[in-house]
Amino acid sequence: MILLLHSDCGAYGSLHQVFKDDQAAEIDHHRSELRLAYATVKGAFPKVSVECYFVDFAGVWQLESSFFTDAQSASG
Ligand SMILES: [Zn+2]
């Protein structure tokens, strides 16, 4: 399963309105959303392999699996 979030998403109220054009804040928020989505999918379907991506105007970025599985990286 591939989970995607993208920059300036209207469902989140857009980069400008909600995040005041602060891309780092938006990425932080979307990373935690992907972490939650990952945990939800893995909780329901433990055997499904899950990849998470964030898409912005510069490219497509894959979130490393250690981000989801390593508790030490939870604050990063
Ligand atoms: Zn969107």
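**View 1. Isoleucine 2 stands opposite glutamate 51 in strand S2.** This is a predicted model, in which local features need pLDDT of at least 70 and side-chain atom pairs count only at pLDDT 80 or more, while totals for chains, interfaces and linings use all residues. Residues are numbered from 1 along each chain as its sequence is written. Helices (H or I, at least four residues) and strands (E, at least two) are DSSP runs, numbered from the N terminus. Strand S2 covers residues 51-56 and includes glutamate 51. S1 and S2 run parallel and are joined by five bridges; two strands pair if DSSP finds at least two bridges between them.

**View 2. The surroundings of glutamate 51 include Ile2 and Gln62.** Glutamate 51 is in contact with these two residues when its neighbours within four places in sequence are left aside; contact means that the C-beta atoms, placed from the backbone, lie within 7 Å. Glutamate 51 is exposed, with 12 other C-beta atoms within 10 Å. A residue is called buried if 20 or more other C-beta atoms lie within 10 Å of its own, exposed if 12 or fewer, and partly exposed in between, with C-beta atoms placed from the backbone. From glutamate 51 to leucine 34 the C-alpha distance is 9.7 Å, and the two are 17 residues apart in sequence.

**View 3. A hairpin of two residues joins S2 to S3.** S3 (residues 59-63) runs antiparallel to S2, and five bridges join them. Within this pair, phenylalanine 54 stands opposite tryptophan 61 in S3.

**View 4. Helix H2 has buried residues and, on the other side, exposed ones.** The buried residues are Glu26, His30, Leu34 and Tyr38. Seen down the axis of H2, they fall within an arc of 105°, so they line one face of the helix; the arc is that of the directions from the helix axis to the C-beta atoms. An α-helix has 3.6 residues a turn, so residues three or four places apart point the same way. The exposed residues on the other side include Ala24, Asp28, Ser32 and Leu36.

**View 5. Aspartate 8 and lysine 20 have positive phi values.** Aspartate 8 is found in the loop between strand S1 (2-6) and helix H1 (15-19), and lysine 20 in the loop between H1 and H2. Aspartate 8 is partly exposed, with 18 other C-beta atoms within 10 Å. Lysine 20 is exposed, with 9 such atoms within 10 Å.
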